[in-house]
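Visitor: I would like to go through the labels used for this model. Please set each one against its cut-off.

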Amino acid sequence: MNFFENIITSLAVIRVADVIDIAIIAFVIYKLFSLLRNTRAEQVLKGLIFVLIFASIADILNLNTVSWVMNQFLTVALVFIIVVFQPELRSALERLGRGRSLFSSDKVDRDEKSIEELVLATSSLSRQKIGALVVLEREVGLSDIMESGTRLDAEISSELLINIFIPNTPLHDGAVIIRKNKIAAAACYLPLSPSNTISKDLGTRHRAAIGISEKSDCLVVIVSEETGNISVAENGKINRYFDEESLRIRLMNELVSKEMPAVIKKGEVNEEEK
């Protein structure tokens, strides 16, 4: 009975500020796990939590020697994590720093005609098994990526996109960056993802698409040169096996402001579910 009385007494003294305090910490921890999910840092974070729990148990049981060893280990481990996993931590902080992407929509005003031109070009390249990599910029600017390629600032057309990716042409090697309703640049070099969870079936083009989606809020459309399969990368994740209609619906839902039904056609598969 005393146990329940103690609980009731403890609950009675909880202030609104305490509830807010706990909610903020819970939200931060949740976001931290979300940002580090499917990275090397996730496993290290889990290991660190296990060590913290073990150290707390040692303190409760008055195991002084074990507690001292755990405290020394944690002091060194924090420095080790910051140095070794700097890329993953930086990527997580970059995502957190976007602000708007945590609480609001990433949609940028797009012209439906531009989306349709992109879909037609992608379908044509897929049928011909011509590799392609198209990055659609959102809130996070990609000017630094554009500097690695050739500036175009051209209207989006399926003919131009197809011509860019035709093999042995000057601009075919690299990514096309689309800013709003313009082809801003071509032959751009993208950072490769360091993730070790990416399927071995995916090559450099797909790893580059995942890499840029990890560092910004962009949406990336990929056409495989080997199979002609169409994929979409976003937030460090890749969905594969789109057909023309499912790609059109995905891009309209993600990039056009007006509401459209969220329909997933056959063939759209999340790489993580495979």
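Guide: Start with exposure: buried means under 20% relative accessible area, exposed means over 50%, and partly exposed lies in between, with a 1.4 Å probe and protein chains only. This is a predicted model, where local features need pLDDT of at least 70, side-chain atom pairs count only at pLDDT 80 or more, and totals for chains, interfaces and linings use all residues. Residues are numbered from 1 along each chain as its sequence is written, and side-chain values use heavy atoms, without hydrogens and water.

Visitor: Why is Val28 called partly exposed?

Guide: Its relative accessibility is 46%. That value falls between 20% and 50%, so Val28 counts as partly exposed. Val28 lies in helix α2, residues 16–36. Helices are DSSP runs of H or I with at least four residues, strands are runs of E with at least two, and both are numbered from the N terminus.

Visitor: What makes Val16, Ile20, Ile24, Phe27, Val28 and Tyr30 a patch?

Guide: Nonpolar side chains (Val, Leu, Ile, Met, Phe, Trp, Tyr) are joined within 5 Å, like charges within 9 Å. These six names form a nonpolar surface patch with about 600 Å² of accessible area together. Such areas come from the Shrake-Rupley method with a 1.4 Å probe; for residues, only the protein chains shown count as cover.

Visitor: Why is Ile115 called buried?

Guide: Its relative accessible area is 2%. The limit is under 20%, so Ile115 is buried. Ile115 sits in helix α7. Other buried residues of α7 include Leu118, Ala121 and Leu125.

Visitor: How do you know that the span of α7 is close to the expected one?

Guide: Helix α7 (residues 112–128) has 17 residues. The expected span is 1.5 Å times one less than the number of residues.

Visitor: What makes His206 buried, and which residues is His206 in contact with?

Guide: At 7% relative accessibility, His206 is under the 20% limit, so the label is buried. Contact means heavy atoms within 4.5 Å. Beyond neighbours within four places in sequence, His206 touches Ile222, Ser224, Ser231 and Ile238.

Visitor: What is the average pLDDT of the protein chain?

Guide: pLDDT is the predictor's confidence in each residue, from 0 to 100. The protein chain averages 80, and 76% of the residues score at least 70. Over residues 100–108, pLDDT is below 50.

Technical notes: Patches are made of residues with over 30% relative accessible area and no salt bridge: like charges are joined within 9 Å, nonpolar side chains (Val, Leu, Ile, Met, Phe, Trp, Tyr) within 5 Å. A salt bridge is a side-chain nitrogen of Lys or Arg within 4 Å of a carboxyl oxygen of Asp or Glu.
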